[in-house]
Amino acid sequence: MTVVLLSSRRCALAALALALTAGALAANATAAGTGERAPAFSLPTATGDSVALSGLAGKVVYVDFWASWCAPCRRSFPWMNELHQRYAGRGLVIVAINVDRSRVDAERFLAQYPAAFGVVYDPAGASPAAYAVPGMPTSYLIDPRGTIVHVEQGFGDDRKAALEARIRALLGDR
Amino acid sequence: MPPARAVLPLRRACGAIVGALALAAAGCASFQPPQPWEKGTLARPEMQFDPDPLEARIQQHIYTSKEAATGGYGVGGGGCGCN
């Protein structure tokens, strides 16, 4: 009887260990972080031109991943318009990458919240996968050498001033 | 102590269970949940648990007052002291 009990207990232990290792194996991809090289992308605009990150070398680039269904994006767009107005002349380029599956959804959003800055479309989601975007929206501040200097996950009104200070410091550094 | 023959089928059953569990767990590992940028469909109004947010809020307010318990749903009292 003790042998039967022992073996069934060992069986349960083995099963538990197996289940745990299988769970641990499901590891996550690492996100593009501060200090790393910004993954390259080349994506089309609404007019059919393409915007490539490699073509923006020497500029301070603010890459923003957004979607029509992302609620905080409705507040970030007016702010990014302000940024564009203030700093485009000083070397800031804002690239808003739309990740909607359907272009119609993105256009409906843009009709309500117009963008003065560059908007590109990536319905296949290759660029957010390359950056391993942790949430919507997520923005990446990239210095003139192509290094990510700041990752902003989400968008909050209380973060505007700090972000703008970061951008201003980068523009002044050059 | 039972004879060795009685233990053998149990061993076999254990092996089968472990094998089945390993397969099931591996199935979970290969399943890819939607990435943050792929949640457009999940964000649609018809995909929400509560079809009407206002209705859900009112229901929750009544529920907390009847149960004399608050919290857990992000809906607090209205500040009127009648909660």
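Colleague: What joins strand 3 of chain A to strand 6 of chain A, and do they run parallel or antiparallel?

Modeller: Five bridges join them, and the two strands run antiparallel; since at least two bridges are needed for strands to pair, strand 3 and strand 6 of chain A therefore count as paired. One of the positions to look at is A:Asp64, whose bridge partner in strand 6 is A:Ser139. Please keep in mind that this is a predicted model.

Colleague: How many bridges join strand 3 of chain A to strand 4 of chain A, and in which direction do these strands run?

Modeller: There are seven bridges, and here the strands run parallel. Within this pairing A:Val63 stands opposite A:Val95 of strand 4.

Colleague: Why is strand 3 of chain A said to be largely enclosed by the rest of the structure?

Modeller: Seven of its seven residues are buried, so the strand is largely enclosed by the rest of the structure. Both faces are covered, with A:Val60, A:Tyr62, A:Asp64 and A:Trp66 buried on one side, and A:Val61, A:Val63 and A:Phe65 buried on the other. For chain A as a whole, buried residues make up 27% of the 174 residues.

Colleague: Which residues have the most contacts inside the largest nonpolar core?

Modeller: They are A:Val61, A:Ile94, A:Val95 and A:Ile97, in a core of 35 residues. At least two residues of this core come from each of strand 3 (60-66), helix 2 (73-87), strand 4 (92-98), strand 5 (118-121), strand 6 (138-142) and helix 5 (160-173) of chain A. Leaving aside residues up to four places away in sequence, A:Ile94 touches, among others, A:Tyr62, A:Met80, A:Leu83 and A:Phe117.

Colleague: Why does A:Asp100 count as buried?

Modeller: The cut-off for a buried residue is 20 or more other C-beta atoms within 10 Å, and A:Asp100 has 22 C-beta neighbours inside 10 Å, so A:Asp100 counts as buried. This residue lies in the loop between strand 4 and helix 3 (103-112) of chain A.

Notes: Residues numbered from 1 in each chain as written. Chains lettered and ligands numbered in written order. Predicted model: local features only at pLDDT ≥ 70, side-chain atom pairs only at ≥ 80, totals over all residues. Core = buried A, V, L, I, M, F, W, Y, C linked by C-beta atoms within 7 Å. Buried ≥ 20, exposed ≤ 12 C-beta atoms within 10 Å, placed from the backbone. Helix = DSSP H or I, 4+ residues; strand = E, 2+ residues; numbered from the N terminus. Contact = placed C-beta atoms within 7 Å.
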